[in-house]
Amino acid sequence: ISIHSRGAVDDVLELLPKRINFIPILHWYTGTTQQLTKAIELGCYCSINLSMIRSSKFRQLIEKVPHDRLLIETDAPFAFSEETYIKTLEMINNQMTDLYGIPIEKLFFNFKDILTK
């Protein structure tokens, strides 16, 4: 389940252990490093997008997420055509490889891993 926790990270992290019977995905995570550590301990994944990769604040958070807990956001809210959507994924791929040495195939494998749990 994709969770939008903006402004409510502590509340989400408090509720998860009580009700977790799914794999939580934190969509566009905006919390602190300490909250991120707790989220990872609770089994959360973090989805990332091109805007996050381009932001120094979010790049610092992305660096702290274990590679096996990263996912790509494919909703591409600002893509108005398939061409734009594909270019967005290509840019994410290039940035993740250049900045973190993570090939996009690894991130797709993470998603496949969730589907098989």
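Leaving aside neighbours within four places in sequence, Thr97 is in contact (heavy atoms within 4.5 Å) with Ile102 and Pro103. The model is predicted, so that local features need pLDDT of at least 70 and side-chain atom pairs count only at pLDDT 80 or more, whereas totals for chains, interfaces and linings use all residues. Residues are numbered from 1 along each chain as its sequence is written, and side-chain values use heavy atoms, with hydrogens and water left out.

Thr97 belongs to helix α5 (residues 82-100), and a polar atom of its side chain lies 2.9 Å from the backbone oxygen of Asn93. With 36% relative accessibility, Thr97 counts as partly exposed, the class between buried (under 20% relative accessible area) and exposed (over 50%), for a 1.4 Å probe and protein chains only.

An open sheet is formed by 4 strands in the order β1-β2-β3-β4, with parallel pairing; strands pair if DSSP finds at least two bridges between them. β1 and β4 stand at the edges, each with a single partner strand, so one side of each is left without a neighbour in the sheet. β3 and β4 pair over 3 bridges, and Ile72 in β4 is the bridge partner of Ile48.

| Strand | Residues |
|---|---|
| β1 | 2-3 |
| β2 | 25-27 |
| β3 | 45-48 |
| β4 | 70-72 |

Helix α6 lies across β2, β3 and β4, running at about 100 degrees to β4. In α6, Ile104, Leu107, Asn110 and Ile114 are buried; seen down the helix axis, the buried residues fall within an arc of 115 degrees, so they line one face. Glu105, Lys112 and Leu115 are exposed on the other side of α6.

Terms used: Helices (H or I, at least four residues) and strands (E, at least two) are DSSP runs, numbered from the N terminus. The arc is that of the directions from the helix axis to the C-beta atoms. Axes are lines fitted to C-alpha atoms, for helices over the stretch in contact, and angles run from 0 to 180 degrees between N-to-C directions. A polar contact is a pair of N or O atoms within 3.5 Å; within protein, one must be able to donate a hydrogen and the other to accept it, and residues adjacent in sequence count only if both atoms are side-chain atoms.
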